Amino acid sequence: MKKPLVKILSIAIVCTLFNTQMNSQNKDIEKKIDSLMNLMTLEEKVGQMNQYNGFWNLTGPAPEEGNAKLKYDHLRSGLVGSMLNVRGAENARKIQEIVVNETRLGIPLIFGYDVIHGQKTITPIPLAEAASWDLKAIEMSARVAATEAAAEGIHWTFAPMMDISRDARWGRVMEGGGEDPYLGAKIGVARVKGFQGDDLSAPNTIAACAKHFAAYGFAESGKDYNTVDIGTSTLYNIVFPPFKAAVDHNVRTVMNSFNILNGIPATGNKFLQRDVLKEMWGFDGFIISDWGSGKEMIDHGFAKDLKEVARLAANAGSDMDMESYAYVAHLKDLVESGTVSEKVIDQAVRRILRVKFELGLFDDPYRYCDTVREQELMNHPDHHAAALDMARKSIVLLKNEGNLLPLTKDQKKIAVIGALASDKNSPLGSWRLASEDNSAVSVLEGLQRYSSEITYARGPELVVGETTFINEVRINETDRSGFQEAVQLAKNSEVVIMVLGEHGFQSGEGRSRAELDLPGLQQELLEAVHGVNKNVILVLNNGRPLAFPWASENIPAILEAWQLGSQTGHAVAQVLFGEYNPSGKLPMTFPRSVGQVPIYYNHFNTGRPGPIELVFWTHYIDENNAPLYPFGYGLSYTEFSYSDLKIDAANPKDVKVSVTVTNKGDRMGEEVAQLYIRDKVASNVRPVKELKGFEKFSLKPNESKKITFSLTENELGFYMPDGDFVVEPGEFDVMVGGSSVEGLSGSFVLK
Ligand code: NOJ
């Protein structure tokens, strides 16, 4: 065992200093909060901690009866601090007017909304965006979303989702940055910057929310809302880093999660919310519960009733209650009876008011309620241009045997097959609440713009019945009508583009899958088409990694096109016809079969890594250990070579690793050079590989570029299971290449 070189408790200190600095700039705001809080009654303070769902449908207010009546009453008496799902400048103004004009102190509401990947202009699902490894484009995509959302009266998005997940069965992997904490942190920060900008009160920025704190992505067996049971090494090294990075970049809110961690629901978890987030990391924004996650503590068996929910959640540091009705019903009494200290309430309210001040809501509560601006900005052409750029960059070329791709402009007789090809709804993906149904450019439409040689056969339907955001998506497994027509068309064509995968609503919240195959009859259709025409290009639309070993073996060209949002068809066509050279790299490992899941590149070596001749090593008797496609993998229409790996470890606080990358093909292309390390021997075992640097750049044919990476203590260290950050001297392996499985390798000794 080696001795720790540095024990960086200073991370917490740096973070606190940073926040203190910020706070001093905001002294003015703190004073205003003091004055306001002096005026507030206990009841009004509790009101700030209460968030209700909106009751407006898109065409007007719901009648003032039942639950809606209660909400109106509470709004009027200052018992509501925030609403979610109120959208539209006019609707937002009407609700805001109630609290501003009718409550005693007129404290404006903060309106939150799930702006996950776009508002009206829909950008690719976050997992797809993560495949771009392009932080600038991702930041821009979030800015587009913020601009449109702000113009619709929204102040605050419940994004980005920072949950690392290794389980493709979990439907919410579509919402995140994939399996890796380093990449996930960079992407999360880019999105926070995109949403929040430098000035929260600017008309094109909104407050972001790092969610779901914490470990929600580790739901057992990939089943949403399921038990989480992970060790603290995983918690500190895998789960926390993206959240910490977001806090270091001033994310203004954090959402807790539905799951338990070590037997304690996140909403009632003091360790997560007070000790780690607020104390250790110095987070000075506020924590919102997830929807009803407070009252779900009763189902978890942690609280006996709603009153206990209020006590446990408030004491644990959950500042705002989303739709549990616990704070509004019980917090005042709990304080008056001495069960909850008024200090707890004051701290929470201060945090909430701070964000409201920063948003400029006290200067002008209606600043986001301008219907003219709303008209101008929704679906603005610039936003669609950014969405197209993001969509093209999100596509990953998985296979291209015999350079079947790109297609040339004079390619004759192109068949397009698959119900998803003409679908204008599914490409919008899950979590796109504000978008217009069927507003995406379908793959078929995109292709038709490029070629007059396109003929289309739908094949069997993928989905039976209506698809909506809230219903279960039902898959057609029996109706083969359309099969014959599709096969016949393939027979008479030179090349076949098959668009297969998942419907947009097969992933997202509550949409876990036990299988990761092509759902319904699609595999059968693929094999039938391949039986009559080998020139098949498979375009995959999906919200999670899928397992398709047969296609990977037999289909010559495969393009991972996810769900790319409003501009899907144009992006796919531009890549298929070579107008854009694909540059995406997988942010999650694609398994060969569901039995391999959870499968991830940064696993531990185990004591029996093998292979050996006997059976006694870590493997399956009926499946490979290798994935179908590894993390960081993605091809291009050109080829990149890596040479000249140099490592300079003279300065242990800044180890330099450089490499030269050359474009050896005959077209311009973008590459993502990735740096992985392995800490060979450590006092707490380290993974076989860990991503610790990447750079995306473009190269002309025959052009070379020298890339230099810096490995500082941040990259070389790790968290011990008790949360201490250590950097240990000793030998490190280094690998630099175009994916997690190939590249140049070397090593160095850290002194
Ligand atoms: C529940 C989801 O878990 C969360 O991510 C979302 O922001 C809220 N519902 C609000 O819609």
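In this predicted model, an N or O atom in the side chain of Asp-290 lies 2.5 Å from an oxygen atom of the ligand. The protein buries 94% of the 300 Å² that the ligand exposes when taken alone.

**Ligand site**

- The side chain of Arg-172 has a polar atom 2.6 Å from a ligand oxygen atom.
- For His-212, the distance from a side-chain N or O atom to an oxygen atom of the ligand is 2.7 Å.
- The residues around the ligand include Leu-84, Asp-114, Phe-158, Met-255, Phe-258, Trp-291, Met-322 and Glu-509.
- Lys-211 is also one of the residues around the ligand, and its charged end sits over the ring of Trp-431, 5.5 Å from the ring centre.

**Aromatic pairs**

- The model has 27 aromatic pairs, counted with ring centres within 6.5 Å.
- One of them is the tilted pair of Trp-133 and Phe-631, with 5.6 Å from centre to centre and 50 degrees between the planes.
- This pair links distant parts of the chain, 498 residues apart: Trp-133 is in the loop between helix 6 (126–130) and helix 7 (135–151), and Phe-631 is in the loop between helix 21 (568–576) and strand 22 (640–648).
- Trp-133 counts as buried because its relative accessibility is 1%, and Phe-631 is buried with a relative accessible area of 0%.
- Trp-562 and Phe-590 form an edge-to-face pair, because their planes stand at 80 degrees, with the ring centres 6.0 Å apart.
- Trp-562 lies in the loop between strand 21 (557–560) and helix 21, and Phe-590 in the loop between helix 21 and strand 22, so the pair ties together parts 28 residues apart in sequence.
- Both Trp-562 and Phe-590 are buried.
- Phe-213, Tyr-236, Phe-240, Phe-243, Trp-281, Tyr-719 and Phe-725 are linked into a cluster by ring pairs.

**Charge over a ring**

- Arg-511 places its charged end over the ring of Phe-469, at 5.9 Å from the ring centre.

- Ser-566 is located in the loop between strand 21 and helix 21.
- Ser-566 counts as buried because its relative accessibility, 2%, is under the 20% cut-off.
- Beyond neighbours within four places in sequence, the contacts of Ser-566 include Lys-120, Thr-121 and Ile-122.
- Further contacts of Ser-566 are His-384, Leu-428, Ser-439, Ala-440 and Val-441.

How values were computed: Residues numbered from 1 in each chain as written. Predicted model: local features only at pLDDT ≥ 70, side-chain atom pairs only at ≥ 80, totals over all residues. Heavy atoms only, no water. Phe/Tyr/Trp six-rings, centres within 6.5 Å; stacked < 30°, edge-to-face > 60°. Helix = DSSP H or I, 4+ residues; strand = E, 2+ residues; numbered from the N terminus. Buried < 20%, exposed > 50% of the residue type's maximum accessible area, 1.4 Å probe, protein only. Lys NZ or Arg CZ within 6 Å of the ring centre and 35° of its normal. Contact = heavy atoms within 4.5 Å. Near = heavy atom within 4 Å. Polar contact = N/O pair within 3.5 Å; in protein donor to acceptor, adjacent residues only side chain to side chain. Areas by Shrake-Rupley, 256 points an atom, 1.4 Å probe, with all protein chains shown as cover.
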